[in-house]
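Student: I have a protein model on my screen. Can we go through it piece by piece?

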Amino acid sequence: MTASPHPFLDAAVQADLYRDGARLAARTSALHQAKTCGRPVADVIADLVIRFLPEPHRAVVADLGCGRGTSSRVLVERVRLRRLIAVDASAAMLTVARSRLGARSPAAFVQADFHHLPLPDASCAAVVAAFCLYHAPAPRLVLREIARVLKPGGVTVLVTKSTDSYRTLDLLVAAARLDVHAAERVSLYASAHSGNLAALTAPILPLIHVEHEEHRFSFTGLDHVAAYLATSPKYDLPAGLRGDAAALAAALRARLPDTPVHTTSTITYLVAARPGSTR
């Protein structure tokens with residue numbers, strides 16, 4: 001299958017990416033092993049909830065696109081919420097998240113499309129949407145849903161990446177001639193990214209805080225790079241290389257020197273609030 005111009009907006013691609021926890025776990029592991037600079041995102045999210053939400057320890061918080069439950073678990077552990085609602089479109093992701101949080105956590109798990117949240121109006125003191133809005137064909141509809149379920153005075157913490165994130169890897173794939181158009185392909189984050197997130201959000205919820213942080217990554221060599229690239233739907237790779245980290249590493253080594261590879265990503269944190277008082 002040739003890569004879609006917007007693979008993160010392709011329902012079939014999304015289903016393949018999140019059919020179980022293995023691919024996302026491999027992607028996350030490869031990035032974490034490579035990261036040399038940048039705060040843990042889940043901890044920053046928890047810090048922002050504590051900073052901007054009145055009485056966070058008594059709060060009901062929804063974590064949209066919870067994935068494997070990393071942010072959900074940190075929120076439960078650090079903020080000690082009254083209730084956490086973990087929402088994801090993938091049943092497999094919710095299964096992994098449920099296992100990681102444990103039976104004693106104050107969490108409920110809801111399979112749903114975040115364009116149409118099955119949550120009552122004004123039911124949440126906070127809503128987190130981390131690394132998921134760029135999967136939305138209509139991110140403003142998701143933001144309106146967030147505004148609807150927030151209590152007056154409630155806050156949302158949104159997290160995304162810049163469109164030029166991991167640009168060095170695009171150039172590497174093109175240089176290896178595994179996808180000569182790799183550097184020209186539309187960013188995976190084009191729907192909701194560091195450059196447009198504030199403009200998407202401001203007409204719906206007033207902004208109260210925006211910050212950008214550069215994360216830096218040093219992959220030890222082409223095997224390490226391939227472990228990450230094999231999880232990405234961005235590139236139009238030869239059929240035998242798609243999803244196969246070992247084969248992809250061999251193809252890269254046949255074309256490029258096996259040296260460390262450095263790249264960056266800008267992470268954007270945005271906090272917005274529904275006007276009013278939680279009291």
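This is a predicted model: local features need pLDDT of at least 70, side-chain atom pairs count only at pLDDT 80 or more; totals for chains, interfaces and linings use all residues.

Student: How far does helix H3 reach from its first C-alpha to its last?

Tutor: Helices (H or I, at least four residues) and strands (E, at least two) are DSSP runs, numbered from the N terminus. H3 covers residues 41-52, twelve residues.

Student: Which elements do the buried residues of H3 pack against?

Tutor: Buried means under 20% relative accessible area, exposed over 50%, partly exposed in between (1.4 Å probe, protein chains only). In H3 the buried residues include Val-41, Ile-45, Leu-48 and Phe-52. Contact means heavy atoms within 4.5 Å. The partners are helix H4 (70-79) and strands E5 (124-130), E6 (150-161), E7 (207-219) and E8 (261-273).

Student: And which elements do the buried residues of H6 pack against?

Tutor: H6 spans residues 139-149, and its buried residues include Pro-139, Leu-143, Glu-145 and Ile-146. They pack against strand E2 (60-64), E5, E6 and helix H8 (197-201).

Student: How many disulfides does the structure hold?

Tutor: A disulfide is a pair of cysteine sulfur atoms within 2.5 Å. Cys-66 is in no disulfide, as the nearest cysteine sulfur, that of Cys-132, is 9.4 Å away. The count for the structure is zero.

Student: Is Cys-66 buried or exposed?

Tutor: Take its relative accessibility, 7%. That value is why Cys-66 counts as buried.

Student: How do H7 and H9 lie to each other, parallel or perpendicular?

Tutor: Axes are lines fitted to C-alpha atoms, for helices over the stretch in contact, and angles run from 0 to 180 degrees between N-to-C directions. The axes of H7 (residues 167-175) and H9 come within 12 Å and cross at roughly 105°. Angles under 35 degrees count as roughly parallel, over 145 as roughly antiparallel, 65 to 115 as roughly perpendicular and the rest as oblique. H7 and H9 are therefore roughly perpendicular.

Student: Which residues of H9 meet H7?

Tutor: From H7 come Leu-169, Leu-172 and Val-173. From H9 come Leu-222, Val-225, Tyr-228 and Leu-229.

Student: Which residues does His-224 touch?

Tutor: His-224 sits in H9, residues 222-229. It is buried, with a relative accessible area of 10%. Not counting residues up to four places away in sequence, His-224 touches Ala-30, Gln-33, Ala-34, Ser-218 and Phe-219.

Student: What is the relative accessible area of Ala-59?

Tutor: Ala-59 lies in the loop between H3 and E2. Its contacts include Leu-53, Leu-81 and Ala-125, leaving aside neighbours within four places in sequence. Ala-59 is buried, at 3%.

Student: What is the phi of Glu-55?

Tutor: Most residues other than glycine have a negative phi. Glu-55 is in the loop between H3 and E2 and is partly exposed, at 37%. Although it is not a glycine, its phi is positive, about 50°.

Student: Where is Phe-131 found?

Tutor: Phe-131 also has a positive phi, near 55°. Its relative accessible area is 26%, so it is partly exposed. Phe-131 is found in the loop between E5 and H6.

Conventions: Residues are numbered from 1 along each chain as its sequence is written. Side-chain values use heavy atoms; hydrogens and water are left out. The expected span of a helix is 1.5 Å times one less than its number of residues.
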